[in-house]
Amino acid sequence: MIRYQCFSAAGGVLAGVMFLNPQVVAAQILKIGEMNTQQIQALDLPKTVVLIPGGILEEHGPYLPSYTDGYADDAYTRELAKAIVARPDWTVVLFPQIPLGNDPANTIGGKTVFPGSYPVRMATLRAIYMDLANELGDQGFRWIFLVHNHGAPNNHKALNQASDYFHDVYGGTMVHLFGLKPVFLCCGSKEKMLSAKQLAEEGFSVHAGADEQSQLLFLRPEFVPAGYRSAPSLTGANFADLVRIAKAEGWPGYFGAPRLATAAMGAQEFALSSQSINAMALQILDGLDSRKIPRYADEMDPLNVVGENAELQHEQAVEKRESDWLKTNKIQ
């Protein structure tokens, strides 16, 4: 008997019991870090899906932990794994979570250094996933799903490009699931659960507002300090307002109205988003060509998004500093 939580679309959390054979589940959801060479060689690769959960260490202000995205990605990955192995004969291989991402929210205000943010360059992120694509492709893996919900355009671009590389070079399917527009733009829980007055207070928020605060209240409440209930609201009407807010001296690292967050809203958002990502992944396994699904980042040129060009210039300066040091020390 395996105990689990059933997430209702109404926003509540229903305790449920699912009767499954634990040995069957254990055999179908595997952790690659715990497998030996013979176990990996024995995998039926055409029916094996590799899940690589990601995340970014990114400031989320005083009311959320820096690894907020990572905790959510871990939960989404676990639900996706269960959805895949519910199908007969399919196996999921879980990679250790990769706590790396590009372009944290502090760059919206031109702040390249901010406590809690530890990004890697876009080129570095792309290279990491391309390197993994090479190793997995050379070993014969055909199915790879990336679970990484950080929303910065260049972060999306890096993961999409690595996925396209795997397809073009190895003929397999590697998909950045949260990069797909139907998944990324799901699911509007704030609009369903907040009043018109509350929505006006939340305003246009892309980071650490009521929705993200709610998600962590639901998933990992032990990491949420009680102070969020009295958090001042930083309301913007559009992206230009967010830039102004983030540029201000003493900006705490969030937008919107964290004080409006509830675990119930987080439960609904997680349930709907999880259903969306699971349904999309299963359709892809059934033959849907992921390259024909609109991708969020394809509709925005990162160079034209406020802050993205400046961030790329900063990354180029960092790369040059590193390269100059290597050349000075004659390191190849």
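**Exercise 1.** In this predicted model, which lysine side chain meets the side chain of aspartate 298 in a salt bridge? Locate both partners and classify their burial.

*Solution.* The partner is lysine 157, with an N to O distance of 3.9 Å. Aspartate 298 sits in the loop between α11 (263–285) and α12, while lysine 157 belongs to helix α5 (residues 153–170), so that the pair links parts of the chain 141 residues apart. Since buried means under 20% relative accessible area, lysine 157 at 19% counts as buried, whereas aspartate 298 at 44% is partly exposed. Both residues also belong to a network, in which salt bridges that share partners join Lys157, Asp164, Arg295 and Asp298.

**Exercise 2.** Determine which parts of the chain are tied together by the salt bridge of arginine 121 and glutamate 319.

*Solution.* The two side chains meet at 4.0 Å, N to O. Because arginine 121 lies in the loop between β5 (91–94) and α4 (122–138) and glutamate 319 in helix α12 (residues 308–328), the pair ties together parts that are 198 residues apart in sequence. Arginine 121 is buried at 18% relative accessibility, and glutamate 319 is partly exposed at 42%.

**Exercise 3.** Is lysine 190 buried or exposed, and where does its salt-bridge partner lie?

*Solution.* Lysine 190 meets aspartate 211 in a salt bridge of 3.7 Å, N to O. The pair links helix α7 (residues 189–193), which holds lysine 190, with helix α9 (residues 210–219), which holds aspartate 211, the two residues being 21 residues apart. With a relative accessible area of 10%, lysine 190 is buried, while aspartate 211, at 29%, is partly exposed.

Conventions
Residues are numbered from 1 along each chain as its sequence is written. This is a predicted model: local features need pLDDT of at least 70, side-chain atom pairs count only at pLDDT 80 or more; totals for chains, interfaces and linings use all residues. Side-chain values use heavy atoms; hydrogens and water are left out. Helices (H or I, at least four residues) and strands (E, at least two) are DSSP runs, numbered from the N terminus. Buried means under 20% relative accessible area, exposed over 50%, partly exposed in between (1.4 Å probe, protein chains only).
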